[in-house]
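Grab a pencil and work through these exercises with the structure open beside you. Try each task before you read its solution.

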Amino acid sequence: MCRSRGVVPEEGPRPRLDYHIHPDFSTDAAGGIQDYCRAAIRAGLEEICFTTHLDLNPARPEANIVRVAGKLVSSFDPIWFQAYADAVEEARRRYPGLCIRLGLEVDYVEGLEDEISRFTTLAEVDFVLGSVHYVDGLAITDPVEASELWRRYRPGHLLKLYYDLVAQAAASGLFDVLGHLDVYHRYSRPAAGNDLAGIGRQLAGSALATAARHGVGLEVNTSPVRLGGLAPFPGRELLAKAVRAGVRVFTVGSDAHRPEGVGGGVGYGLSWLRWAGIGQVARFHARQATLMPISELDQG
């Protein structure tokens with residue numbers, strides 16, 4: 001039984017849950033399911049959600065793979081998901097005091113909605129995080145490919161393409177929450193200039209309104225904070241804009257790809273939500289959200 005109330009932190013805000021964790025089923029991650037569970041317990045977490053990457057884009061065959069028992073397997077082969085689900089279930093038995101959710105981080109690619117739907121419908125998961133990683137066939141989250149995108153497009157044009165895809169993802173009905181909304185900041189400078197945040201705020205409105213209209217939530221992704229930065233994705237102004245647009249469901253996740261990253265920056269992410277006037281954070285079970293007061297997770 002997953003607990004819903006955290007213990008009192010020693011001082012200041014501390015994380016109690018992390019809804020974005022990549023075990024080594026993701027090929028860019030290291031550490032098995034149980035390694036992450038032990039790290040979560042050491043960090044004082046009470047609930048975690050694994051979000052193995054799922055990419056079904058035939059134009060990127062190098063990304064359409066997962067790792068199972070040290071071997072690379074096609075994302076299209078359902079055997080990998082069964083192995084993933086079994087590993088999570090085994091961890092639940094071994095660590096009964098830790099609430100462990102089974103999730104996916106799915107790349108949204110225009111035109112692949114049916115393929116994504118077929119997979120996520122058959123896969124009995126608790127949570128589906130939808131992320132836009134590719135614009136015009138290139139990864140905005142890869143330093144080399146992002147550099148090419150910033151060379152190819154003016155900032156306003158590129159962000160328009162990006163937020164059009166985010167809006168389509170929100171309207172697709174495929175996802176519970178949208179991941180790392182303004183992740184383009186990671187590899188943007190110096191090509192994009194100094195007003196990228198302002199351009200993003202101007203162009204994000206339609207995507208945020210679409211998310212609100214379809215009941216899709218937004219992630220506060222604390223990976224930049226975990227890696228030494230000052231702000232998560234999205235930034236404060238964009239988060240406040242999401243609230244004004246009517247988005248009401250928010251999760252917080254470290255985007256950890258190593259066990260030592262679990263919970264990293266999540267306490268800060270909860271404070272980020274509070275700053276925006278958001279008093280609740282979402283938990284998911286069988287694709288259904290429960291909104292939990294942040295005050296029950298930390299004393300802030």
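**Exercise 1.** Work out at what angle helix 9 and helix 10 pack, and which residues make the contact.

*Solution.* Start with the axes: helix 9 and helix 10 (residues 266-275) pack at an angle of about 55 degrees, with their axes 9 Å apart. (Axes are lines fitted to C-alpha atoms over the stretch in contact, and angles run from 0 to 180 degrees between N-to-C directions; helices are DSSP runs of H or I with at least four residues, strands are E runs of at least two, and both are numbered from the N terminus.) Helix 9 and helix 10 are therefore oblique to each other. (Under 35 degrees counts as roughly parallel, over 145 as roughly antiparallel, 65 to 115 as roughly perpendicular, and the rest as oblique.) Next, the handedness: helix 9 passes helix 10 in a right-handed crossing, meaning that the near helix is turned clockwise from the far one by less than a right angle. Now the residues: R236, L239 and A240 of helix 9 touch W272, L273 and W275 of helix 10, where contact means heavy atoms within 4.5 Å. Sort them by class and you get five nonpolar, no polar and one charged. (Ala, Val, Leu, Ile, Met, Phe, Trp, Tyr, Cys and Pro count as nonpolar, Asp, Glu, Lys and Arg as charged, and the others, Gly among them, as polar.)

Before you go on: this is a predicted model, in which local features need pLDDT of at least 70 and side-chain atom pairs count only at pLDDT 80 or more, while totals for chains, interfaces and linings use all residues. Residues are numbered from 1 along each chain as its sequence is written, and side-chain values use heavy atoms, with hydrogens and water left out.

**Exercise 2.** Helix 7 has contacts with helix 9 and with helix 5; describe how helix 7 crosses each of them.

*Solution.* Take helix 9 (residues 236-245) to begin with: its axis comes within 9 Å of that of helix 7 (residues 205-213), and the two cross at roughly 45 degrees. So helix 7 is oblique to helix 9. Their crossing is right-handed. On the helix 7 side you'll find G205, L208, A209 and A212, facing L238, K241, A242 and A245 of helix 9. That contact has six nonpolar residues, one polar and one charged.

Then turn to helix 5 (residues 155-171), whose axis comes within 8 Å of that of helix 7 and crosses at roughly 5 degrees. So helix 5 is roughly parallel to helix 7. Y163, V166, A167, A170 and A171 of helix 5 meet A207, T210 and A211 of helix 7. The count by class here is seven nonpolar, one polar and no charged.

**Exercise 3.** Find the order of the strands in the open sheet, and say which strands stand at the edges.

*Solution.* Follow the pairing, which needs at least two DSSP bridges between two strands. Seven strands line up as 1-2-5-6-9-10-11, with parallel pairing. Strand 1 (17-21) and strand 11 (250-253) each have a single partner strand, so one side of each has no neighbour in the sheet. Now zoom in: strand 2 (residues 47-54) and strand 5 (residues 99-107) are joined by eight bridges. In one of them, E47 is partnered by C99.

**Exercise 4.** Where is the cis peptide bond?

*Solution.* Look between F233 and P234, where omega is about 0 degrees. P234 sits in the loop between helix 8 (223-226) and helix 9.
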